[in-house]
2 protein chains.
Amino acid sequence: MADTELRTDPAAPDFSGWSCPLPLRDHPRVVMGHGGGGAMSAELVENLFAPAFGGPALAGLGDSAVLELGGARLAFSTDSYVVRPLFFPGGCIGDLAVNGTVNDLAMSGARAAYLSCGFILEEGVELALVDRIARALGAAARTAGVEVATGDTKVVEAGHGDGVYLNTAGIGLVPAGVDIRPQRARPGDVVIVSGPIGLHGVAILSVREGLEFGVEVRSDCAALGGLVEAMLGATRDLHVLRDPTRGGLAAALNEIAAAAGVGVGLSERAVPVPDPVANACAVLGLDPMYIANEGKLVAFVPRAEADAVLAAMRAHPLGAEAVAIGECVEDHPGMVVARTGFGGTRVVDLPMGEQLPRIC
Amino acid sequence: MADTELRTDPAAPDFSGWSCPLPLRDHPRVVMGHGGGGAMSAELVENLFAPAFGGPALAGLGDSAVLELGGARLAFSTDSYVVRPLFFPGGCIGDLAVNGTVNDLAMSGARAAYLSCGFILEEGVELALVDRIARALGAAARTAGVEVATGDTKVVEAGHGDGVYLNTAGIGLVPAGVDIRPQRARPGDVVIVSGPIGLHGVAILSVREGLEFGVEVRSDCAALGGLVEAMLGATRDLHVLRDPTRGGLAAALNEIAAAAGVGVGLSERAVPVPDPVANACAVLGLDPMYIANEGKLVAFVPRAEADAVLAAMRAHPLGAEAVAIGECVEDHPGMVVARTGFGGTRVVDLPMGEQLPRIC
């Protein structure tokens, strides 16, 4: 990408003497991997954004932040959506933009209350397409019980966008007594996933590349606020919730292991991988553990509460196939290790960059 | 633009039978004017986004919404920033993204407390440039007393962005007893502007087009939370506040007149237009009333409070040149009418589309 023509600003400062703070060695420019939700994304946040922004809520960057304001305990989160293509089996950028942000709030135990919505439209895109996306967004918001409270629209010239980019930010109330965050993972916790993994990523891939994997794979795109409420009905003492989007289950588990300084032990056979996802991954040389999900969560739950939480999840339509896939351990802190079907073990690393660009 | 090649989605529905809900006659596609903050932007919101999103907070679309959550009264707002070029005299997209959203909250009387921040980076952009923007954003946040609480980064392929697009959303507390919104404009209100207009738009234009207008024109980009606090110290009974960004003073006043069903009478001579702005507008055939500002506000204040509010504004660095420019009247509801320097009058219309694209 070094020969990519860079648009320069006449008023931009001269960066020739600038020393890159990132441990990215050969990458003084942005590459796709910086948006992949893996190690390169983390490096960008830790080395560039965090020092630039400062302030106490930094640890929350890239996740939903929990804040006090006017006596209320709020969760606050944002995501931009650049998924390609805009429409895919099981959803479109409109409902993705609702569910993605609603889910980020739900991972703090919060029920989303209000969303903001910012459109960046490319000149020349059909208004019918914008309308279709806006209707999907509105319908998803009604399903999730969240209100679109404020919005903004910008237009950029043809060739400077890709039809529609969206940003949503969301706020929600965190219930009293609830403290769910990656740092709370403890050895002994049971690791639960709410259902089969890899559907969103493979759905996107199938339409983008025109591939077929036997049956149509539909994205699992869904709002998880109700499922989390059901889980909190079983116990308030959920330790960690995380939605394994970019970077998949592997990235989510690695982030938790690193944040809490614990190890995670998985039973690879227990991880539910639908056949079409397994087939697609086999054909393409991908690992289902790294494929994005948009309607699944992973939970770290105290052992004593695990059965009650699993039962509550299975009683909810979005958790019907919930299953324990492993446990939190004292060994190998910061690492995720899977026991393979053949009795061996393998380290499940944090992905470096981007397996599937623009997945959300 | 009809011959612009449109990127199509393989999975996109067929829109051939779709009937455009917008009164845009010849424009079934997005044009730059849809992002201009004028009549075309309003049509898009009223005819497309509002019906799609539904819900009671619709009136707040395009403005900051005031919400109840957990017993707290919150203002919530978002803007995406696509300004071109990224750096301009007096600021860059980073501080613009803080000040723009902080100001939207301030127009409800709220002091911004927390910001979210979403970057859409174009592959190939220098990390040094991203760093510079992030540092400007962090510095502006510290100046405004607002904390960047949560963020997100996406990367799009070269040719699908323009270096850096930004979105911020903000939340802040609305003080008890404060009810500031366009609908509260009343005949008799004094219309005050906080200082000279047109600086941001002309600053952008000068670097974009390589034009010089005698002296360097610097953007007025600034956070107005402190100025609004000073005004609320003079009276809690401010009726309307608005920051005249896209579409300038003309758009802001027209929106207020329409929302409250009142007329606005201006003294054109009283509107402070700096010489370089006047010169630039004369050369380019632009009207300063339509040029964007990023550090000014217009206030509708009960006559009995106007002197106290003006005094409070003038005691604040960002309101030192505040001045009354007109009044709210019963005549010509929904219309803004200026008395010209020659004793005549002219209607100051809502702009249709976009005088200066990508101004913020």
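Tutor: Arg358(B) counts as buried because its relative accessible area is 4%, and buried means under 20%, exposed over 50% and partly exposed in between (1.4 Å probe, protein chains only). This is a predicted model, where local features need pLDDT of at least 70, side-chain atom pairs count only at pLDDT 80 or more, and totals for chains, interfaces and linings use all residues; side-chain values use heavy atoms, leaving out hydrogens and water. Residues are numbered from 1 along each chain as its sequence is written, while chains are lettered from A and ligands numbered from 1 in the order in which they are written.

Arg358(B) sits in the segment after β14 (345-347) of chain B; strands (E, at least two residues) and helices (H or I, at least four) are DSSP runs numbered from the N terminus. Its phi is near 55 degrees, a positive value in a residue other than glycine. His332(B) also has a positive phi, near 35 degrees, and is found in the loop between β12 (323-329) and β13 (336-339) of chain B. His332(B) is partly exposed, since its relative accessible area is 26%.

Now look at chain A. His239(A) lies in the loop between α5 (225-234) and β9 (240-242), and counts as buried at 8% relative accessibility. Its side chain joins that of Asp189(A) in a polar contact of 2.8 Å (a pair of N or O atoms within 3.5 Å; within protein, one must be able to donate a hydrogen and the other to accept it, and residues adjacent in sequence count only if both atoms are side-chain atoms). Leaving aside residues up to four places away in sequence, His239(A) touches several others (heavy atoms within 4.5 Å), including Arg181(A), Phe300(A) and Pro302(A).

Chain A is also divided into domain 1 (62-173) and domain 2 (182-347), with bounds from an automatic or database domain assignment. One salt bridge is counted between domain 1 of chain A and domain 2 of chain A. The side chains of Arg111(A) and Glu229(A) meet in a salt bridge at 2.7 Å, N to O (a side-chain nitrogen of Lys or Arg within 4 Å of a carboxyl oxygen of Asp or Glu).

Finally, peptide bonds: the one joining Arg84(A) and Pro85(A) is cis, with omega about 0 degrees. In chain B, the bond from Arg84(B) to Pro85(B) is cis, with omega near -5 degrees.
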